[in-house]
Amino acid sequence: MKRRLVLLIGIGLLSACAKQSAPEVKVPAAPAPLDQGFRSQVPNPAPALPVVRPVAESVQLGNTFSVWVMPKDSGTLSLRVSCRIGARDNPQGKSGLAALTARMLTEGTEQKSALELAVASESLGATLHEGSDRNASSVELEVLPGDEEAAVALLAEVVRHPSFLEKDLVRVRSEWLDDLASQRDDPALLAWLVGYRALLGPRLGIPPNGTPSDVRDISSKDLRSFWAANWTPERCALLAVGPTSANSLEGIASSYFGSWKPGKGESGRTPAPLAAPARTTLYVFDRPDAVQTALFVAGTAPPLHAPGHEAREVLNGLFGGLFTSRLNQNLRERNAYTYGAFSTFVGTRDWGLWAAATSVRTDVTVPALSELLAEWQGLLRQGTIKEDEIARSRSDLIYKTSAHLEHTSSLLEELEEIFVNELEADYFGKLPETLAHTGAAEIGKELQYVPTQGAVIAVVGDQSKMGDLTSFAEQRRSVGLQWLDGGD
């Protein structure tokens, strides 16, 4: 009876719930359609903001060692000891000596072994880096601002008191030779090596890292003699970018570099201008089974400090420095010969060259080379350089310079260029304005360096699949042809 009563009550409750109406749900009104008219117009760019660049400051100690600082509000401080010592200073038959000397500076000092030196730099949360090219050699650290003096002390120890132990040299030299061997397995790098040697000669044309035969003969005695003669205060400077100033860094530098005794000074030599070859020569280096053919074409150009450098950079940008450049649009976009082609001005304090390079499908070696040379020749046709391509190249250079403000390492490179090439302290600050006033008239003066005569052409790849390079050279009567079979 109780169960029946509970069941009846439950049924009654369900019936009552069913009779109740569901709550009314209000559906919001649809929003008014958006005005999409703005999508039909390209928005105008915002006005350009002024770029404020730090200006390099410098002081010189009594021993002629200098301190260069580019103040920047940043979380780290980049420090570098840079010296105007590079491959240009290598003695005959000792290629690679300047670069190997710089490398060995970070392999131990009179007070610290290689391991202890690594521990000392790691205790600052940093890593010692070295570098050397044709113009300069350097050692650097990036540390927190509070470790400024400790970092300067460590750099001074590395630069002034290296150990050059034979056991360390044996290890480093073995790695060095392996790197040289691997470079010669890369057709693109090999094309550059062949081109440089042919254009610059047996001394200047050797890469900064040297040749295997020369490097094998370098001894610890050679390193010490080269270091003693060249790493001297009048050729070196402490460079800094970060939250510091030349005045505040001067005292620290004096403590660790002030007693460094000057050497005999820089040679002060003024080398003769680089002479262009009497005729264009095509050098062919056979690499059987190479996947692609590497092309390199270059001619002589002025050194870095020669007037017109900015105009030459704009000219290079429109020819082969940009993705939208003439060279890349031809070889990549129109003809699909390559993934990319580029050109560059390469320069030192002594010489310069204008080079173009790419790697192409082996079966299109001859037509790709023909198109590359035709693009260079096309620069000389009257009125072919348009204002829009000048403006595009100019803008790229200006914005790249402004982008350097983002990183202390980029500004450190600028500071080294000021010191090594003896530029004005505010050179990069004035550069955007200089570029803005570089037009067709200024660029026209630099067309004399288009390498249509007396150029060097290097081709590295599978000769059996390249096509008829002999006919290519014969059709151009001023082009000589040489076949290479290896060597150092």
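The largest cavity in this predicted model holds about 180 Å³ of space. Its lining is made up of 18 residues, and those closest to the centre are Ala 87, Asn 90, Arg 203, Leu 204 and Ile 206. Helix H6, which spans residues 187–204, gives the most to this lining, with 3 residues.

Searching the whole structure turns up 3 cavities of 30 Å³ or more. The second largest cavity has about 50 Å³ of space. Among the residues that line the second largest cavity are Pro 302, Pro 303, His 309, Arg 312, Glu 313, Phe 345 and Leu 353. Helix H10 (309–321), strand S9 (338–347) and strand S10 (352–361) each bring at least two residues to that lining.

Here is how the two linings divide by class:

Now for a covalent link. The model has 1 disulfide, and it joins Cys 83 to Cys 236, with an S to S distance of 1.8 Å. Cys 83 sits in strand S3 (residues 77–83) and Cys 236 in strand S6 (residues 236–242), so the pair ties together parts that lie 153 residues apart in sequence. The torsion about the S-S bond of Cys 83 and Cys 236 is about 110°, so this disulfide is right-handed. Are these two cysteines, Cys 83 and Cys 236, buried or exposed? Both Cys 83 and Cys 236 are buried.

Notes. Residues are numbered from 1 along each chain as its sequence is written. This is a predicted model: local features need pLDDT of at least 70, side-chain atom pairs count only at pLDDT 80 or more; totals for chains, interfaces and linings use all residues. Side-chain values use heavy atoms; hydrogens and water are left out. A disulfide is a pair of cysteine sulfur atoms within 2.5 Å. Helices (H or I, at least four residues) and strands (E, at least two) are DSSP runs, numbered from the N terminus. Buried means under 20% relative accessible area, exposed over 50%, partly exposed in between (1.4 Å probe, protein chains only). On a 1 Å grid over the protein atoms alone, a cavity is a set of points where a 1.4 Å probe fits but cannot get out, and a pocket is an open set with protein on both sides within 12 Å along at least five of seven lines; lining residues have an atom within 4 Å of a point. Grid points are joined across faces, edges and corners, and a volume is the space filled by probe spheres set on the points.
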